[in-house]
Structures are given as structure tokens and as C-alpha cells.
Amino acid sequence: MPTREDMAGNRWLAPIAHRFLSPELWRFTRRSVPRGVALGMFAAFIVPVGQIFLAAFLALPTRANVPLSALVTFITNPFTLPFWLMIANKVGGFVLKIDAVTGGAAQTHLLSGQWEDFGWFLKTAGVTAFGFIVLSILCSAIGYLVSGFIWRGVVARKWQRRGRRSTSLTPAE
């Protein structure tokens with residue numbers, strides 16, 4: 001996980017390092033945490049390479065938590081990529097329903113003539129890419145909502161503990 005100093009010392013980030021060093025981007029607040037989770041999930045599914053930098057750059061204008069947005073991008077990693085490829089293909093196929101709408105004409109056209117060799121690849125790659133777009137939007141929205149609820153629960157539990165602690169410290173009359 002890159003630290004504030006690591007990001008400030010990076011030669012590619014030097015022109016905007018002063019923006020990364022802003023303390024509000026490194027604090028865990030009720031607004032920055034859900035934003036960081038949503039941006040991290042969006043960057044994780046939308047871009048295959050450079051997800052951490054995309055999440056960090058998107059965190060700047062939205063005032064999201066930079067370390068959290070970078071950390072959440074690891075949901076897609078080389079070990080989980082086959083799983084996400086399968087899910088993206090299924091989601092893309094479900095949303096597009098190419099053969100159901102065209103009556104199989106799209107597949108017939110892809111598998112005939114000049115596209116015969118690449119027909120299976122074009123069909124699978126297009127459906128999977130669209131599935132990743134759908135996953136990036138859905139997962140970022142779900143991540144925003146879930147992290148917001150979890151954050152509220154954590155803060156409520158801390159307030160309850162403070163209340164119990166303060167009542168136990170006051171002398172009984």
C-alpha cells in the first residue's frame with residue numbers, strides 16, 4: 001500500500017503531489033469511506049491495468065479516501081481474475097441477450113465468411129467487456145451503500161460504548 005510520502009516522491013505524480021498530500025484525502029470519514037470503496041470497485045472492474053492509479057486520480061476530485069480506494073482495487077487480482085471473467089461473461093450475456101433478440105442472426109454472421117476464425121473471440125470478448133462495464137457500475141453502487149451502512153454501524157457502536165463508559169464513570173448518588 002503506498003503511503004502519502006511514497007506518492008509524493010513518485011516522479012509521475014510530482015506535478016500533482018500537493019493534491020495527494022491533502023490530509024482530507026487520507027482521513028476515514030463517513031463521506032470519504034463510501035466514496036473510496038465505490039471508486040475502488042469502479043476502477044477494479046473498468047480497467048485491467050493501472051487500477052490503483054486510476055482509483056487514486058478519481059479520488060482527488062471526489063474527495064474520497066485515497067488509501068481505501070487503492071486497496072479496494074485488489075478485489076480483481078490475478079488469482080480472482082478467472083472468476084470475474086466468468087461472472088462478467090455471464091452478466092454481459094444476460095444483459096445483452098444477443099441471440100434472443102436477433103434470433104441467432106448475429107452468431108450466424110460472425111461464424112460465416114471472413115469472421116469465421118474470430119467469431120467466437122469477438123462474441124465472447126464483447127459480451128465479457130460489456131459485463132465488466134455492468135459489474136463496475138453495479139458493484140460500485142452496492143459497495144457505496146454497503147460501506148455506508150457498515151460505517152454507520154461502526155460509529156453507532158462506538159457511541160454506545162462511550163455512553164456506557166461515561167455512565168459507569170459517574171459516581172452514584
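1. UniProt annotations are given here in the numbering of this chain, and they may be inferred rather than shown by experiment. With that in mind, the annotation "transmembrane region", which comes from an unreviewed UniProt entry, covers residues 37-60, 66-87 and 132-155. The structure discussed here is a predicted model.

2. As an overview, the chain contains 9 helices and 0 strands, and from the N terminus on its elements run α-α-α-α-α-α-α-α-α. Of its 173 residues, 29% count as buried.

3. Two of the annotated spans can be set beside the model. Residues 132-155 are 100% helix and 0% strand, with end C-alpha atoms that lie 33 Å apart. Residues 66-87, in turn, are 64% helix and 0% strand, and the C-alpha atoms at the ends of this span are 27 Å apart.

4. Helix 3, which takes in residues 32-46, has 15 residues that should span 21 Å at 1.5 Å a residue, and this agrees with the model because the end C-alpha atoms are 21 Å apart. Is this helix enclosed or open? Since 12 of its 15 residues are buried, helix 3 is largely enclosed by the rest of the structure. Among the buried residues are Ser-32, Pro-34, Gly-36, Leu-39, Met-41 and Phe-45.

5. Helix 6, residues 81-96, passes the same kind of check: its 16 residues should span 22 Å at 1.5 Å a residue, and its end C-alpha atoms are 22 Å apart, which agrees. Within helix 6, the residues Trp-84, Ala-88 and Gly-92 are buried. They cover an arc of only 65° around the axis, so they sit on the same side of helix 6.

6. Which residues lie on the face of helix 6 that is turned away from its buried side? That face carries the exposed residues Pro-82, Lys-90 and Phe-94.

7. A last point concerns the surface, where Leu-138, Ile-142, Val-146, Ile-150 and Val-154 form a nonpolar patch with about 430 Å² of accessible area together. One of these residues, Val-154, has its place in helix 9, which runs over residues 119-169. Val-154 counts as partly exposed because its relative accessibility is 35%, and the partly exposed class lies between the cut-offs of under 20% for buried and over 50% for exposed.

Definitions and conventions: Residues are numbered from 1 along each chain as its sequence is written. This is a predicted model: local features need pLDDT of at least 70, side-chain atom pairs count only at pLDDT 80 or more; totals for chains, interfaces and linings use all residues. Side-chain values use heavy atoms; hydrogens and water are left out. Patches are made of residues with over 30% relative accessible area and no salt bridge: like charges are joined within 9 Å, nonpolar side chains (Val, Leu, Ile, Met, Phe, Trp, Tyr) within 5 Å. Accessible areas come from the Shrake-Rupley method with a 1.4 Å probe; for residues, only the protein chains shown count as cover. A salt bridge is a side-chain nitrogen of Lys or Arg within 4 Å of a carboxyl oxygen of Asp or Glu. Helices (H or I, at least four residues) and strands (E, at least two) are DSSP runs, numbered from the N terminus. Buried means under 20% relative accessible area, exposed over 50%, partly exposed in between (1.4 Å probe, protein chains only). The expected span of a helix is 1.5 Å times one less than its number of residues. The arc is that of the directions from the helix axis to the C-beta atoms.
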